[in-house]
Amino acid sequence: MNNNVFKKLSYGVYIVACEYNGKYTGCTVNSIMQITSDPAIIALSVNHENYTHVCIEETKKFSISILSEQSNPLAIGTFGFRSGRDCNKFDIIPYDIKNSLPVIKDACAYLICELKGKIDTHSHTVYIAEVIDGDVLNDIKPMTYEYYHNVIKGKSPKTAPTYIKE
Ligand SMILES: Cc1cc2nc3c(=O)[nH]c(=O)nc-3n(C[C@H](O)[C@H](O)[C@H](O)COP(=O)(O)O)c2cc1C
């Protein structure tokens, strides 16, 4: 099979965040898609090894910050290459609180989600969640995964579902 076929799929870049054990934490994801509109249901794939996986399992509630082309790439790196087990990522990335959950300050929109179901694979859990609130924060273009790779020259770690060994 030609693995480059997977590079033709399109995504955005997001920060998923929870409050767990009195601390805000979360990780960078690209794997979010809308499943239905009424009720509004989304799906999200999270690696079993990520601390965010534990947090979603325990709290069943999370925010999604939709990053824009002008969002600071520092958030993508901090949330995507470090673990909430070892550091408090929200200590260095500015955020606001929406529905008791953190939302990245320079995101262009956010969603508040409640877990409704899940499907397990050998490495990732696909979470199915209902969007119970959300808002648009500005009119800047949302960041695509292609923009992240080609303009920002960002990389993806092994835990990202799209990871391809170079
Ligand atoms: C651009 C990008 C996209 C990513 N997409 C996902 C994803 O969709 N699902 C996932 O589980 N991890 C994804 N990751 C990896 C996690 O963000 C990374 O493993 C993070 O360090 C986990 O942090 P945690 O242990 O605090 O949860 C992505 C990382 C980057 C940089």
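Where does Asn21 lie? Asn21 sits in the loop between β1 and β2. This is a predicted model: local features need pLDDT of at least 70, side-chain atom pairs count only at pLDDT 80 or more, and totals for chains, interfaces and linings use all residues. Residues are numbered from 1 along each chain as its sequence is written.

**View 1. Asn21 in the β1-β2 loop.** Asn21 is not a glycine, yet its phi is positive, about 55°. It counts as exposed because it has 10 C-beta neighbours inside 10 Å (buried, 20 or more other C-beta atoms within 10 Å; exposed, 12 or fewer; partly exposed, in between; C-beta atoms are placed from the backbone).

**View 2. The open sheet of seven strands.** The order is β2-β1-β5-β8-β9-β4-β3, with antiparallel pairing. Strands are DSSP runs of E, at least two residues, and helices are runs of H or I, at least four, numbered from the N terminus. Two strands pair if DSSP finds at least two bridges between them. β2 (23-29) and β3 (32-37) are the edge strands, and each pairs on one side only.

**View 3. Strands β3 and β4.** The two run antiparallel, joined by five bridges. Thr36 stands opposite Ile41 in β4. Pro39 is placed in the loop between β3 and β4. The peptide bond from Asp38 to Pro39 is cis, with omega near 0°.

**View 4. Asn99 in the loop between β6 (95-98) and β7 (101-104).** Asn99 also is a residue other than glycine with a positive phi, near 50°. With 14 other C-beta atoms within 10 Å, Asn99 is partly exposed.
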